[in-house]
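Thanks for coming, everyone. Please take a look first.

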Amino acid sequence: MKKNNIFLIGVLAVMIGLNLRPILASIGPLFSILKNELKITSTETGLLTTLPVLLMGFFALIGPRIYSALGEKKCITLSLILLSLSSLSRYF
């Protein structure tokens, strides 16, 4: 790979990470509200932050199979649609 391409891939990875970070970190300020409203323990509240990480690990394992079944363009399109829908669902 050319150095230019490696740099662009690095920049894209950082931009995607910055975009996803608020989605993963947004539950922290809600802990006290969740604990009071749902009457759950601190341990149960902590598990809420573990769920996205577990799902990312799970889909990292099956991602290559999905990629080979759908192809590059369909896989990226589906990923962006799912990411957009999940971000939009937070509004409701």
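Exposed means over 50% relative accessible area, buried under 20%, and partly exposed in between, with a 1.4 Å probe and protein chains only. K39 sits in the loop between α2 and α3. Its phi is near 55 degrees, a positive value in a residue other than glycine.

A word on the source. This is a predicted model, where local features need pLDDT of at least 70, side-chain atom pairs count only at pLDDT 80 or more, and totals for chains, interfaces and linings use all residues. Residues are numbered from 1 along each chain as its sequence is written, and side-chain values use heavy atoms, leaving out hydrogens and water.

Now the overall layout. The protein has four helices and zero strands. From the N terminus, the order is α-α-α-α. Helices here are DSSP runs of H or I, at least four residues, and strands are runs of E, at least two, numbered from the N terminus. Of the 92 residues, 4% count as buried. The accessible surface comes to about 8,000 Å², and 72% of it belongs to carbon and sulfur atoms. Those areas come from the Shrake-Rupley method with a 1.4 Å probe.

Next, packing. Helix α2, residues 31-38, packs against helix α3, residues 42-70, at about 125 degrees, with axes 10 Å apart. Axes are lines fitted to C-alpha atoms over the stretch in contact, and angles run from 0 to 180 degrees between N-to-C directions. α2 and α3 are therefore oblique to each other. Oblique is what remains after under 35 degrees (roughly parallel), over 145 (roughly antiparallel) and 65 to 115 (roughly perpendicular).

What about α3 and α4? Their axes come within 6 Å and cross at roughly 120 degrees. This pair is therefore oblique too.

Last, the surface. L70, L78, I81, L82, L85, L88, Y91 and F92 form a nonpolar patch with about 890 Å² of accessible area together. Patch residues have over 30% relative accessible area and no salt bridge; like charges are joined within 9 Å, nonpolar side chains (Val, Leu, Ile, Met, Phe, Trp, Tyr) within 5 Å. A salt bridge puts a side-chain nitrogen of Lys or Arg within 4 Å of a carboxyl oxygen of Asp or Glu. Helix α4, residues 72-89, gives the largest share, five residues.
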